[in-house]
Amino acid sequence: MNLMEKMQNVDTRIIYIVLLIVLSVPLLRPIGIPMQISPMTRAVYDIIEGLNPEKDVVLLSMDYSPGAGLDAEVCPVAVVEHLMQRGIKWIAISFGTTDGPMMTNRIIADLEQRGYKYGEDFANLGYMAGEENAVRLFALDCLSVPTDVRGNKTSELPVMQGIKTIKDFAFVIQFSMGTPEMWIRQVVDPMGVLFATGTVTVSVPSIVPYYNSGQVKGVMGGVSSAAQYELLCNKPGRGAAMMDAQSMGHLIIIFFIALGNIGYFMSKKGKETPPSK
Amino acid sequence: MTLVPGNIFGFWMFVVISAIVVYMIRASENDRIKVSIRPIPGLEAIEECVGRATEMGRPVHFSPGLGDIVSTSVPDTLAALQILSYVTGVAARYDAPFLVTIRMPNVYPLAVETVRQGYTAANKADQFKDNTVRYISSDQDAYAAGVIGLMHQEQVASSILAGLYMGEALLLAESAARLGVMQVAITASVMQVPFFVAACDYTVIGEELYAAGAYLSNDKGRLGGIAAQDYIKLIVMALIILGTITTSFGSTFVQELISK
Amino acid sequence: MQISTNIWQWIAVACIFGMWSLPLYKDNPFYRVCQNVFVGSCAGHAIGIAIGNIVHYGFQPAIYESQLHLIIPIALGILLYARFFQKIAWLSRWPVAFLVGVGVGQTIYSSLRSQILNQVIAAMTKFPGESIGATLNGLVSIVGLLAVLTYFLFTVPQTKFVTGFAQAGRWLMMVTFGVGFGNVVSGRLSVLLGELLKIFGDWLGMI
Amino acid sequence: MRKEVPLLITFVISIIVMLSRITTGPVPVIGISLPELFEEYISPWMTVVSAFALCLASVNLIMVHSGNISRKRQDWVYSLILLATLIIYGAFCTYVELNPNNETAAANYSLIYNYILSPLMTGQWACLAFYVASASYRAFRARNLEATVLLISAILVMLGAAPVGSLIWSRFPTIQQWLLDVPNMTGQRALLIGAAIGSFVACLRTMLGIERSHLGIGGSS
């Protein structure tokens, strides 16, 4: 077996270990490579900067599950941090996955430890079955959710005072693992609310047409976007901590592609012509 | 009862295109129009796939994807089953060993029936065996792992992946490519196409899946539906061109009309 | 470095390694246990949330607020399970028909409105643009859009022009898929990084 | 009866739901407006029926695995583990859902959720990063012109999206943003419109009962 064939036949487990090492080192010893802020992320920041803490309430649609890990979780954490910094009230509800309420509880648990008040500063309305249909039902009548996750009557929550339909929210942002068609179809287009979305990195390309058409006013996508957001808020968190490692990860993947292709072309040269396409 | 403003154009567009769809489906069923579909290169490769397997004396693998028949993935799964019917016919003609793997319990009975009918239609009912169609697991990762295991065991020569795919598409296609399996992927799952393009020999993309289903099954109603989709697309393209021209001359007439 | 003394952190890390043992090592009993606990607990969680919803949105308003019409969906919901009894299996078609009906009704018009008409409006470009760059971008967008749509025209006569234009559409799609692939790499790495952050930070206390 | 009733249900319900979002004012005969009909009846019904549907997959799972256990099929022990977790988890979660005021139970449930279910789920997903790495080494070959175009744009995006890209060449982020905003946006928009048209036709076929295989009634008519 010559070198070129060897290059084509590295055991996958070696690849995995290399990947783990390359990712771990910058995680433990960050270098702090400066980053640029994308206009789609800045748009979300600007919307929240423009809200009025006296009267505005924000709705978070929490439609991600723990499966997507921090790639989905860092965006809502960064946005909620910003909302709290500015003293803006918010309400969370879930339509896309039964895991949503638990993800909200994680954020709330941290805020409560820091002295914020459940029910006054924020509330978690839980999961509503029916996906797209439920989104529309809630938008038409926000009190159709009888109780929150802690058994309080929704209509009696201080943060819900003055909220009847989706139009009473100053801003709606959905955090999901996919694309926001559900909200665009049922709420944004027919009722015209200010809407943005935070999703996982994978889904960003599919959302760009909606951003371009103005149906979605801002897009956050995964760790890199959250890191930029943390930078905007001057509060580096877990997103920023991962960025150097993320860079190295990209480089090593490009290296793997190159390695595989060099081996492929060199070994192809030596042999007979491959079957035609 | 009146229309809410902002939906007037949309409503009439709905009525018009629904009428087109229904008319085309009926007209095609009654042979009033003849629908012919452009060649889809990946589909020609199916025969090559089966032929290759026959020469090597090893099986062809087919997967109708991860979709179910009770969710939004219905069209994808049905199209995949129509393709399955065609592939069965080719496999029967070539006497190639054939293997179908299933993820969704609901799809299993439909797939068994499709394959059985495919063999019967080719007058080779005796070639249909109980283990031709195999239920693997409803968990997508377990399904992928099971299929990869089978490919090793049975030394599959070529593989046809049709229908809806998710994250594990990467697993399936990459492992098969490593085994030197010739692959044709037919999917409308946009997110998975990059992996298929990179790892498979032929990739049939997006709506080509539905067209392929109609084309290979020769179901006249479905072919009519495909023709209707083309008309809708032409209407959309005309609107875009018209809007661009009027906008360039400083008029927002078309936009206002559509928003009415 | 300060290793966590919280037993739960240890359990969480064991679960992560259990799942990773498949790619990093090979199929093994520990992985199988994790895999089955995973599938079982997801299903259990879904059952709990579903029962909660049935009670909160079905039984409670039906009984305490005497919204008796809610008996209809409760009955339909129960009929879903008729499929497990061969003789009355056909009854489960009714709730399925209801679910499908609402689903179709919700999407059919709104997909026309939001995904077709509003995107069509957004695609209309003003020529010439504000700068040469904007004009070129506009040109790429509009010609590219028409080319990809042409690629998906199946029944029109395939003249040389149509096939050539469609091929251009296919090239554009390859660029699109490349962008998608780049983002997939980035996204998958982020998930793994998040796990490493938990292992090094929450468990080993190295960050 | 067996065929006609479900087809009729789908047709009537879908028409009401569709029209309920674009019309106002009472319908001549029934005297109630469609939006009201939708909001008061159909929509709450849908919430309840879909909650019942949520359990369906779990029931399927229970049937398959209890079958494995009773027939002592290969690896039935794993089926037992699966069933046991399902029952314990299901019971605990149900209790928490029905007694939202019991804070201790909720806190304990959160512990199990955050430290068992959630790491298992993320662990599973994180494996995809490994597979992407091995796939990029073994499968992503520039084996034809199309794959080459795809790979080049993917690499440009990867370089532009990571901060390190701009250290290598300051224009990478600009290129990445352009690829995302212009060619990608165009391609995605076209795929979006195409998919919407496809789904429109599929929905219409279902609505009119031309497509009925989801109900298990033959193929298309």
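In what order do the six strands of the open sheet in chain A lie? Select chain A and colour its strands: the order is β3-β2-β1-β4-β5-β6, and the pairing is parallel. Helices (H or I, at least four residues) and strands (E, at least two) are DSSP runs, numbered from the N terminus, and two strands pair if DSSP finds at least two bridges between them.

Before going further, note that this is a predicted model, in which local features need pLDDT of at least 70 and side-chain atom pairs count only at pLDDT 80 or more, while totals for chains, interfaces and linings use all residues. Residues are numbered from 1 along each chain as its sequence is written, chains are lettered from A and ligands numbered from 1 in the order in which they are written, and side-chain values use heavy atoms, with hydrogens and water left out.

**Stop 1: the sheet of chain A**

Select β3 (122-127) and β6 (219-221) of chain A, which stand at the edges with a single partner strand each, so one side of each is left without a neighbour in the sheet. On average, neighbouring strands of this sheet are turned by 15 degrees against each other, direction ignored; axes here are lines fitted to C-alpha atoms, for helices over the stretch in contact, and angles run from 0 to 180 degrees between N-to-C directions.

Next select β1 (residues 57-63) and β2 (residues 89-94) of chain A, which run parallel and are joined by five bridges. To see one such pairing, pick A:Leu59, whose bridge partner in β2(A) is A:Ile91.

**Stop 2**

Move to chain B, where an open sheet of six strands has the order β4-β3-β2-β5-β6-β7, with parallel pairing. Its edge strands are β4 (133-135) and β7 (202-205) of chain B, each of which pairs on one side only, and the twist from one strand to the next averages 15 degrees.

Select β3 (residues 98-102) of chain B together with β4(B): these two pair in the parallel sense over three bridges, and B:Thr101 has B:Arg134 in β4(B) as its bridge partner. Helix α3 (residues 74-94) of chain B lies across β2 (60-63), β3, β5 (158-162) and β6 (182-187) of chain B, at about 165 degrees to β3(B), whereas helix α4 (residues 107-121) of chain B lies across β3 and β4 of chain B, at about 170 degrees to β4(B).

Finish this stop at B:Glu29 and B:Arg26, whose side chains meet in a salt bridge (2.9 Å, N to O), the term being used for a side-chain nitrogen of Lys or Arg within 4 Å of a carboxyl oxygen of Asp or Glu. B:Glu29 and B:Arg26 are separated by about one helical turn because they are three residues apart in helix α1 (residues 8-29) of chain B. A search of the whole structure finds 20 salt bridges over all chains.

**Stop 3: where chain C touches chain B**

Show chains B and C together: 35 residues of chain C are in contact with 47 residues of chain B. The area buried between chain C and chain B is about 3,600 Å², of which carbon and sulfur atoms give 73%; buried area is the accessible area (1.4 Å probe) that two parts lose on being put together, summed over both. On the chain C side, select C:Met124, C:Phe154 and C:Phe177, which lose the most area to chain B, together 20% of what that side buries. Across this interface of chain C and chain B there are zero salt bridges.

**Stop 4: where chain C touches chain D**

Finally, show chains C and D, where 105 residues of chain C are in contact with 105 residues of chain D. The area buried between chain C and chain D is about 9,900 Å², of which carbon and sulfur atoms give 80%. How many salt bridges are counted between chain C and chain D? The count is one, and to find a salt bridge here, select C:Arg170 and D:Glu146, whose side chains meet at 2.6 Å, N to O.

How values were computed:
Contact means heavy atoms within 4.5 Å.
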